[in-house]
Amino acid sequence: MSDQLPPCPSCASDFTYESGALLVCPMCGHEWAPGGVEETDGPDVPAVRVVKDAVGNPLEDGDDVTIAKDLKVKGAGGGVVKVGTKVRGIRLISDGVGDHDIDAKVPGFGQMQLKSSVVKKVL
């Protein structure tokens, strides 16, 4: 395998670097998965993973969501995230703990990972 990372598909910069499972361009801030849809346009394009909320609405990076059920927080003092808590600007992740697929900053609790099955998209 080559040690050379591909150029940014957005701005063609050669200064890309790895950040977890993603490749990042420091010039334009674009993030993408290596070998993802953006790098291939042929018939071998991999299926795009669609993350849906508790009621079936598709979620995207930057969406605002509300918590659909009370969540007990483990560790660091514990507590409960109440139903209806609004979380702004979520980020979808593929390398979360267990089946957690959302990374977000929850008011009153800070940065944490959530399951898409416990949130509803704010429309």
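1. Let's start with Lys115, which is partly exposed at a relative accessible area of 31%. On the scale used here, buried means under 20% relative accessible area, exposed means over 50%, and partly exposed is in between (1.4 Å probe, protein chains only). The side chain of Lys115 meets that of Asp99 in a salt bridge, 3.4 Å from N to O. The term stands for a side-chain nitrogen of Lys or Arg within 4 Å of a carboxyl oxygen of Asp or Glu. Asp99 sits in the loop between β10 and β11, and Lys115 in the loop between β12 and β13, so this pair links distant parts of the chain, 16 residues apart. Asp99 itself counts as exposed, at 53% relative accessibility.

2. A word on what you're looking at. This is a predicted model, where local features need pLDDT of at least 70 and side-chain atom pairs count only at pLDDT 80 or more, while totals for chains, interfaces and linings use all residues. Residues are numbered from 1 along each chain as its sequence is written, and side-chain values use heavy atoms, with hydrogens and water left out.

3. Now the overall make-up. The chain has 13 strands and zero helices; these are DSSP runs numbered from the N terminus, with helices being H or I of at least four residues and strands E of at least two. Of its 123 residues, 26% count as buried. The accessible surface comes to about 8,100 Å², and carbon and sulfur atoms hold 52% of that (Shrake-Rupley method with a 1.4 Å probe; for residues, only the protein chains shown count as cover).

4. Have a look at the open sheet of three strands, ordered β10-β11-β12 with antiparallel pairing. β10 (91-92) and β12 (110-114) are at the edges with a single partner strand each, so one side of each has no neighbour in the sheet. Two strands pair if DSSP finds at least two bridges between them; β11 (residues 102-106) and β12 have five. Along that pairing, Val106 is opposite Gly110, and Ile102 has Leu114 as its bridge partner. Three residues lie between the strands of this hairpin, where Gly108 takes a positive phi near 90°.

5. Which residues have the most contacts inside the largest nonpolar core? They are Leu59, Ile67, Val87, Ile90, Ile102, Leu114 and Val119, in a core of 16 residues. Such a core is a set of buried Ala, Val, Leu, Ile, Met, Phe, Trp, Tyr and Cys residues joined through side-chain atoms within 4.5 Å. β6 (65-67), β11 and β12 each give two or more residues to this core, and β11 gives the most, with three. Leaving out residues up to four places away in sequence, Leu59 touches residues including Val65, Ile90, Ile102 and Val119 (a contact means heavy atoms within 4.5 Å).

6. Back to the charged pairs: the count of salt bridges comes to four. One of them joins the side chains of Lys121 and Asp63, at 3.5 Å from N to O. Lys121 is in strand β13 (residues 119-121) and Asp63 in the loop between β5 (58-59) and β6, 58 residues apart. Is Asp63 buried or exposed? At 13% relative accessibility, Asp63 counts as buried, whereas Lys121 is partly exposed at 24%.

7. Asp64 forms a salt bridge with Arg88, with the closest N and O atoms 3.9 Å apart. Asp64 lies in the loop between β5 and β6, and Arg88 in the loop between β9 (86-87) and β10, so the pair ties together parts that are 24 residues apart in sequence. Arg88 counts as exposed at 58% relative accessibility, and Asp64 as partly exposed at 23%.
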